[in-house]
Structure formats: C-alpha cells, structure tokens
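Please read them with the model open.

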Amino acid sequence: MADGPTINTIAERAGVSIASVSRVLNGLPTRQETERKVLKAAEELGYVRNAVARSLKSRRTNQVAFAMADVGNPAYLAMLRQIQPVLKAAGYRLVLHSTDAVAADEIDVLHSLGERYVDGLIMSPLRVTDAHLEMLAAARAPVVIIGSVPEGTPVDNVRADSRTGVRLAVDHLHALGRRRIAMVNGPIDTVPGAARGAAYREALEDLGLPYDDDLVQIGDFYRAQGARAVAELLARVPDVDALMCANDLIALGALDVLRAAGRRVPDDVAVVGMDDTDLAAASWPSLTSVSLGSAERGKVAAELLLERLRGGDREPRVVTVAPRLAVRASTAGPAYEGASDGSDRKEGGA
C-alpha cells in the first residue's frame, strides 16, 4: 500500500462494493450502515486525510442543491446563472434537480436532506401542497423557496410580484387601444397560474372591462402547449385583439400560431409574455414581456441561503422582486424597442 489506500482497498476492508465506496466518498445518498462501514474502513486505512472523507465525517458536503420544474425553461436558467457563481465564490458546488413539477419528486428532494447529501437547498416549486409545507417545517438543512409560500412557513422566501406584473401588461395593452384582451394561462392549480389568472381579472375590473370566460384559455407553461391553447382560443373567439400570456414560452407559441394563421402582430393581435427571458428579445417580432426578475430572485435566494449556512440565526425573510415591463415590437410595432423599468426589489410583498 505504498501509494496509499484506494477505493478498491477501502471496499475490501469495509466488505462493500466499489460502487458503494464511490457513492459515499462523493457525498451521494447511501444507506447509513454502508456509510458507517466505508468511513470506518477509510479511517483505518488512513484515507480520512482526503478532503471529501473529512467533509463526510463532519457532515458537511460543500454542496447545495437547486430544484426546479424544468431545466430547459429559460427563466430557471436565468436563476441558475446567478445562483451558481454566488455559491461557487463561497466554496460550494451546485447539484441540479429538474422535477418536471412533480410534487412527489420535490417531496423526495426535501426528504433526502436528512441524508445530508447537500448542505442546503434552493427550490422553486410550481405547486405548494400540504406535504411540501410539512417537509419544509421539518427540513434537516436550510431551504430557500423561490416562489410564494403561505405566511408563517419557516423558510426564507424570494417572490415575484405577478399581480403587479400582469397589471403592467394589461394597462399597456389598454393604453394601446386594445379592448378584447385574452388571457392564455398555465394550470390554475399552480402558484403562478393562480396568481396570474386572478391578477388578470382584477386588472380588467380596474379598467372597467368586462371579464369573459371565453377570453380565458388554460394550457401549460410550455411552447407547444401554449400554441395549442392559443389555437383553441382563436377558434372560439377570433376577434381578440390582444393576448396576455402567462409566460414567454406560451407567448412564443402564440406567435407561431398567429403567423401560421396570417394574423399580423401587433396590427391584428398584440402579444405580451411574462419572464422577459432571452428568447423574448430574440423572437420575431421581438416580444413585449414582463420581467419578474428571475436572475435577481436567483441571486437573492443564493445570498439568503449562504447567510443560513454561515450560521445566520434570524426570522425567515420574505423578499419580493418588483416586476418591470419591457416594451418591444409585439405590441408597439417594429420601430419600438424601448423598455420601461421598475424598481429592483422590496421587502415583504405577495
């Protein structure tokens, strides 16, 4: 053993497989008995000088997880691009989970915190169930939620202000003379779907416009599903003159359908998205969209988690990132590429 212990020699001493040793030394979830045998064998063989083994023995992994609904959604990518450098600068690696918005998968991620495969978690769930709240209350490591959770939930929470964001969009469309403003939403049993649907209704009421169920179409937060929803809406109410879309992917699907139908944007139908992702400015025509501060929310969430990991003992914080409207050609025509901005963020909010 002149060259020191190896995974093979540790596996032989512990009486477990090489794969099990690798999982333990890489901080992956493993049965407690297997972890105990591997660490004991590593100590006996002098392997505890390895940084990973030392971190396991101290129950710190220097890893943080980020769980999101869809790793392909550019809004989550904007969050990731801010979360990763903040954590890296503090010496943490980032582990990603794409849950497809399946509650059981999110619950499993929260449950696995008890196995100490990461030191903390940032999660952005689309739905918040009673099971989520129970697991958050019992979490064995610090958790920060990006998205709204009920008041009193014992975790730090970074929120978007969808209500104000939808109001900015509807006011903009109304100011342009649009009166048949339809809403294409994601599932209303999700946090963003419920918030944006309610905000649309409130915005119409405040402007003195009647709410019409025929002008509301429920789809999902993906481009293909958004396109199908828009096609169904237009078949039912072809006289709409504006589409308020619950995210940019739905709005891009709307542009696809309108182009195929020979409907001019914005002359015939103005289109607004939400999230103001990179795709909004790159689309044709460029897409007017409400920024909900995805990048800022990711950065704030990472900073709040680091405070907890450094031993910060304080009441849970709620930070709301203010929206802003980026006006582009899909509402104001090809000559207009300006943007109006709101403030960056505020404490509290909904």
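**Notes on the backbone**

Arg116 sits in the loop that runs from helix H6 (103–111) to strand S3 (120–124). This is a predicted model, in which local features need pLDDT of at least 70, side-chain atom pairs count only at pLDDT 80 or more, and totals for chains, interfaces and linings use all residues. Residues are numbered from 1 along each chain as its sequence is written, and side-chain values use heavy atoms, with hydrogens and water left out.

1. Helices (H or I, at least four residues) and strands (E, at least two) are DSSP runs, numbered from the N terminus. Most residues other than glycine have a negative phi, and most peptide bonds are trans.

2. Arg116 is not a glycine, yet its phi is positive, near 55°. Arg116 counts as partly exposed, with 21% relative accessibility; the term covers values between buried (under 20% relative accessible area) and exposed (over 50%), with a 1.4 Å probe and protein chains only.

3. Asp276 also has a positive phi, about 45°, and is not a glycine. Its place is the loop between S9 and H12. Asp276 is partly exposed, at a relative accessible area of 21%.

4. Val265 and Pro266 are joined by a cis peptide bond, with omega about 5°. Pro266 belongs to the loop between helix H11 (248–260) and strand S9 (270–274).

5. Which bond joins Trp284 and Pro285? It is a cis peptide bond, and its omega is about -10°. Pro285 is located in the loop between helix H12 (278–282) and strand S10 (288–291).
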